[in-house]
Amino acid sequence: MKTYLITGGAGFIGSNHIIYLFKKYGDNIKIINVDCLTYAGNLENLKSVENFPNYKFYKTDICNKEEINKLFIDYDIDRVIHFAAESHVDRSIKNPEVFANTNILGTLNLLNAAKNAWETNDGFMPGKKFVQVSTDEVYGALGEEGFFYEDTPLDPRSPYSASKTSADLLVSSYVFTYKFPANITRCSNNYGPYQFPEKLIPLIINNALSGKDLPVYGDGRNVRDWLYVDDHAKAIDLVSEKAKDGEIYNVGGHNEKRNIEIIDIIIDYLLKALPDDDKRKKLISRDLIKFVEDRKGHDFRYAIAPDKIKRDLGWEPETSFAEGIIMTIDWYLKNFNWLESITKGEYMKYYEEMYKDR
Ligand code: NAD
Ligand code: TYD
């Protein structure tokens, strides 16, 4: 039975990943979820698995040396799937320090704990793996043409992407220096259930359902390459099981869309999905779209070339954007309570502060 240490498992991608692993492996794995529950961590996401005997949650900061080392002593960990991070570009522009702490020093702390636990006099114990879940944002930004490949030079532009790049370089340095058994995955923008409504898709769904302005940064022509979160989970699992140590894999599925297209798709689908007697339907229209001041240093376009992961590991996304966005919006409609409960209090303060000058 393999034991997984999942960091950031109460966040968007981490919680979807835990649910995916339990669906795939059932009782044949043990999962230790380590998350310090920042504003983005929500144990509600894990209600469906929280009572499983082979699941255990620790409210722990990944920067805490003692507690992270203790986990490696208490459990014989086979896989580290490292999601925990500060993940929002806009927040990194306002407050970069916490990004350096968590994303760089937290990753270093995990690397050291895993290295201490897994290293023997004859090298690393066989069968161990550390997967650093990174982002295509480490490659910088593209113009209208071209794609990011694994050998595209690293050129991060935001404090968020700079901190992820630094973490990736630490992971690579451990592979090179110590032959540490790690891989790095770099995915494009994820979407799906449980995404915190500071990110574009859930923010637009939430605002539209409340009749609030739909803020579009700049002219709305920036492009993101969208990946359904379950397709991402499958890719990470393949990498952790099959990839040769040290390999880096881009994960994306040629789902490029301009931001303004996404907003149009969400408005159209909400108007179709909501029954006529739903009061929220009357609030929704294109008049809500508001072009606001652009993000500082706004990366124009991201687009992943997933050729290597397809060739080496046979991974291909299974969800088209047309299907995935409907599943996502339907999930938010069905789970409106989840959305309402996290958009009270602190979120309102964040929203006022972030959007007040725009
Ligand atoms: P998220 O913000 O939804 O979740 C992050 C989780 O990490 C939260 O549960 C939070 O509580 C936890 N966390 C933060 N700081 C911590 C700390 N110091 N110690 C322990 N836990 C901590 O993020 P996400 O969207 O799920 O992203 C997960 C990973 O995937 C991140 O590493 C991110 O860089 C990467 N990624 C995300 C996307 C995307 O589209 N969301 C795209 C590419 C890469
Ligand atoms: P986001 O979801 O923050 O992801 P990332 O910056 O990591 O790609 O933003 C996706 C795109 O949507 C990005 O081009 C910025 C834009 N955006 C808006 O236009 N309005 C918004 O309110 C937000 C949050 C993002």
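Is C63 buried, partly exposed or exposed? I opened the notebook with that one. C63 counts as partly exposed, at 31% relative accessibility. The model I am reading is a predicted one.

**Entry 1: the cysteines**

I stayed with C63 and looked for a bonding partner. A disulfide is a covalent bond between the sulfur atoms of two cysteines. The cysteine sulfur closest to that of C63 belongs to C36, 8.1 Å away, and that is too far for a bond. The cut-off I needed here is 2.5 Å between the two sulfur atoms. I then counted disulfides by this rule and got zero. Turning the pair around, I found C36 in no disulfide, with the sulfur of C63 as its nearest cysteine sulfur. C36 is partly exposed, because its relative accessible area is 28%. So C63 is partly exposed, and C36 has that label too.

**Entry 2: salt bridges**

How many salt bridges does a search of the whole structure find? I got 29. I picked out a few to read closely.

K128 sits in the loop between β6 (123-124) and β7 (129-135), while D78 sits in the loop between α2 (65-74) and β4 (79-82), so the pair ties together parts that are 50 residues apart in sequence. I checked the cover of each partner. K128 counts as buried, at 7% relative accessibility. D78 is buried as well, with a relative accessible area of 14%.

Next I took D155 and R157. They form a salt bridge, and their closest N and O atoms are 3.1 Å apart. D155 has 34% relative accessibility, so I noted it as partly exposed. R157 is partly exposed too, at 46%.

Then came E247 and K244. In this salt bridge the closest N and O atoms are 3.8 Å apart. E247 is partly exposed, with a relative accessible area of 21%. K244 is exposed, with a relative accessible area of 61%. I also noted a network: K2, R79 and E241 are joined into one by salt bridges that share partners.

**Entry 3: a charged patch**

Which residues form a negative surface patch? I wrote down D219, E293, D294 and D357. D357 lies in the segment after α12 (346-355). Its relative accessibility is 57%, so D357 counts as exposed. The cut-off I used for that label is over 50%.

**Entry 4: positive phi angles**

I looked at backbone angles next. L37 is not a glycine, yet its phi is positive, at about 55°. L37 lies in the loop between β2 (29-34) and β3 (55-58). It is partly exposed, with a relative accessible area of 25%.

Where does H254 lie? I found H254 in the loop between β12 (248-251) and β13 (256-258). H254 is a residue other than glycine, and its phi is positive, near 50°. Its relative accessible area is 47%, so I put H254 down as partly exposed.

**Entry 5: distances through the chain**

I wanted to set sequence against space, and I took two pairs. V216 is in strand β10 (residues 214-217). It is buried, with a relative accessible area of 2%.

S92 belongs to helix α3 (residues 89-94). S92 is buried, and its relative accessible area is 0%. From S92 I went to T328. The two are 236 residues apart in sequence, and their C-alpha atoms are 26 Å apart in space.

**Looking back**

The disulfide count is zero. The salt bridge count is 29.

Conventions. Residues numbered from 1 in each chain as written. Chains lettered and ligands numbered in written order. Predicted model: local features only at pLDDT ≥ 70, side-chain atom pairs only at ≥ 80, totals over all residues. Heavy atoms only, no water. Patch = residues over 30% accessible without salt bridge, like charges linked within 9 Å, V, L, I, M, F, W, Y side chains within 5 Å. Areas by Shrake-Rupley, 256 points an atom, 1.4 Å probe, with all protein chains shown as cover. Salt bridge = Lys/Arg side-chain N within 4 Å of Asp/Glu carboxyl O. Lys, Arg positive; Asp, Glu negative; His and termini not counted. Charge placed at Lys NZ, Arg CZ, Asp CG, Glu CD. Helix = DSSP H or I, 4+ residues; strand = E, 2+ residues; numbered from the N terminus. Buried < 20%, exposed > 50% of the residue type's maximum accessible area, 1.4 Å probe, protein only.
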